[in-house]
Amino acid sequence: MNTGKRQLLLAEDDQLLASLLKYRLLKGGYDVHLVHDGKEVKDFLSRTLPDIIISDIMMPYFSGIELIDHVRNELGLKIPIIIISSAGNEENVLSAFELGANDFISKPVSPSELLVRVGRELGKI
Amino acid sequence: MLKSENLLKKLSDLERTLRDFSMEELPAIESARIQKSLASFSSQLEEKISGNENDLSSEDTIPASPEIIYHISSDLKRPLEDIIGCTDLLKESQLSREQHHYVDAILAASDILIDINNQLLGSLKSQGLKGPGKQAIQSIRQIKPMTTPEKYQTANSTHIFGQQKKLDLNPVLEDCLGQVELLEELVGLFKINVLEFIGEVKLHLQNSDFKGIAFASHKIKNGLKMLNASELFAIAEQMDILSKSDKDIKHLRFLFGCFIDEYPAIEKEIEDAIQKLKTKQG
């Protein structure tokens, strides 16, 4: 159902963080679709295309890096992708950018900061 | 009743063995520590058992509640860990054949005590406990004590774990836009995550799966940081680092033991902090 709101796909297996981010993103005026692993991400993308994707780098089945590769190279989509990364994961962040991620945010994630980054990426579209 | 008698008998055997052992040439500090732990363990157990026997003899007796069993198990755990930890250390020091025999006897008796402790927990299952409470008890307490505190408590141990800062949930409440109900929901998820971490790491330690330990430690860190559980965060961080570098299983077990020991206090602090916030909001 198209609510007129921007569709946001949030891929995060940490339920604690996912609940908080979903709440804040909903309050921020987005329709949030939450998935918990790479398999669910692939399933979702085979049915619906969101306006923006926010994904953790480390997830079961299918990492954030593989997700970017899938979206950019296999699906050929230019949807903005923001990566959530833990400290000490600089190598993965660089790989993410090389594959076509638009931005990244470090854990612990500030929901306010994430909202600003999402707004900025969607504003470019 | 039969179990209590068995337990006390095993305890008397253990005390006798330990008394004989400590008369040999043994570092005085370690000897005194083992005797003190055993005396504490023994008197607490006797208190609990005599308390439970009084309950049983009363006409209005009701079966020991899961909470009572849980508390008994909690109180037994620490002195038991001390006994096993110190005895493990003794085993690694220079001992005569006879001393080795005594140490083996102490460890064997301790194993039996652990089994009985676990049987106490097993009785909780038969009472059909459901929900997080059951998981908490099974996950946290049904573990063979693996701590070796003497070996790893160095001058730097405070540095390693740091001091637990006063727990402040206000920043998290801010992120929740002041919604205490959401904060409570997040705390509930946090508790589940911790229990899953404990269960996973216990298995990974048994299998010496360092990759598994690293992954679990890495994942739990974010939640610990979010809720400002700084001491637990420091422990998880150490476990993450060690399981990638040294891969010292004994040290990892010790850290895991520290995590389990510290968590109940942190959990209580979090609950108190939530209560304070709820009262404030009023």
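Analyst: A helix here is a DSSP run of H or I, at least four residues long, numbered from the N terminus. With that in hand, take the residue just after α10(B): B:N228 has a positive phi of about 60°. The model is predicted.

User: What makes up chain B, helices or strands?

Analyst: Helices. Chain B holds 12 of them and zero strands. Read along the sequence, the pattern is α-α-α-α-α-α-α-α-α-α-α-α. Of its 282 residues, 45% count as buried. Among contacts in chain B between residues at least 6 apart in sequence, 76% join residues at least 24 apart.

User: How do you know what span to expect for α10(B)?

Analyst: The expected span is 1.5 Å times one less than the number of residues. α10(B) has 17 residues, and the expectation is 24 Å. From first C-alpha to last, the helix reaches 25 Å, which is close to that value.

User: What makes α10(B) largely enclosed?

Analyst: The count of buried residues. A residue is buried at under 20% relative accessible area. In α10(B), 14 of the 17 residues are buried, so the rest of the structure largely encloses this helix.

User: Why is B:D209 said to cap α10(B), and at which end?

Analyst: At the N-terminal end, a side-chain oxygen of B:D209 lies 3.3 Å from the backbone nitrogen of B:K211. A polar contact needs N or O atoms within 3.5 Å, so 3.3 Å passes.

User: How many residues of chain B are in contact with chain A?

Analyst: 18 residues of chain B are in contact with 16 residues of chain A. Together the two chains bury about 1,600 Å², and 66% of that is on carbon and sulfur atoms. Five residue pairs are in polar contact between the chains, both residues at pLDDT 80 or more. On the side of chain B that touches chain A, α8 (170–175), α9 (180–206) and α10 (210–226) each give two or more residues. α10(B) gives the most, with seven. By type, that side divides into eight nonpolar, five polar and five charged residues.

User: What makes B:K219 and A:D13 a salt bridge?

Analyst: The N to O distance is 2.8 Å. The cut-off is 4 Å, between a Lys or Arg side-chain nitrogen and an Asp or Glu carboxyl oxygen, so the pair qualifies. B:K219 sits in helix α10 of chain B and A:D13 in the loop between β1 and α1 of chain A, so the bridge joins two chains. Both residues are buried.

User: Why is the link between A:D13 and B:K219 also called a polar contact?

Analyst: The side chains are joined at 2.8 Å. The limit for a polar contact is 3.5 Å, so 2.8 Å falls inside it.

User: How do you know that A:D13 counts as buried?

Analyst: Its relative accessibility is 19%, and buried means under 20%, so A:D13 qualifies. Leaving out residues up to four places away in sequence, A:D13 touches A:H36, A:D56, A:M58, A:M59, A:P60 and B:K219.

User: How many salt bridges are there between chain B and chain A?

Analyst: Two. A:D56 and B:K219 also form one, at 3.3 Å from N to O.

User: Which residues are linked in a network of salt bridges?

Analyst: A:E12, A:D13, A:D56, A:K107 and B:K219. Over all chains, the whole structure has 12 salt bridges.

User: Why is B:D272 called partly exposed?

Analyst: Partly exposed runs between buried, under 20%, and exposed, over 50%. B:D272 has 38%, so it falls in between. B:K268, at 48%, is partly exposed as well. B:D272 forms a salt bridge with B:K268, with the closest N and O atoms 3.0 Å apart. Both lie in helix α12 (residues 249–281) of chain B, four residues apart, about one turn. An α-helix has 3.6 residues a turn, so residues three or four places apart point the same way.

Conventions:
Residues are numbered from 1 along each chain as its sequence is written. Chains are lettered from A and ligands numbered from 1 in the order in which they are written. This is a predicted model: local features need pLDDT of at least 70, side-chain atom pairs count only at pLDDT 80 or more; totals for chains, interfaces and linings use all residues. Side-chain values use heavy atoms; hydrogens and water are left out. Contact means heavy atoms within 4.5 Å. Buried area is the accessible area (1.4 Å probe) that two parts lose on being put together, summed over both. A polar contact is a pair of N or O atoms within 3.5 Å; within protein, one must be able to donate a hydrogen and the other to accept it, and residues adjacent in sequence count only if both atoms are side-chain atoms. Ala, Val, Leu, Ile, Met, Phe, Trp, Tyr, Cys and Pro count as nonpolar, Asp, Glu, Lys and Arg as charged, and the others, Gly among them, as polar. Buried means under 20% relative accessible area, exposed over 50%, partly exposed in between (1.4 Å probe, protein chains only).
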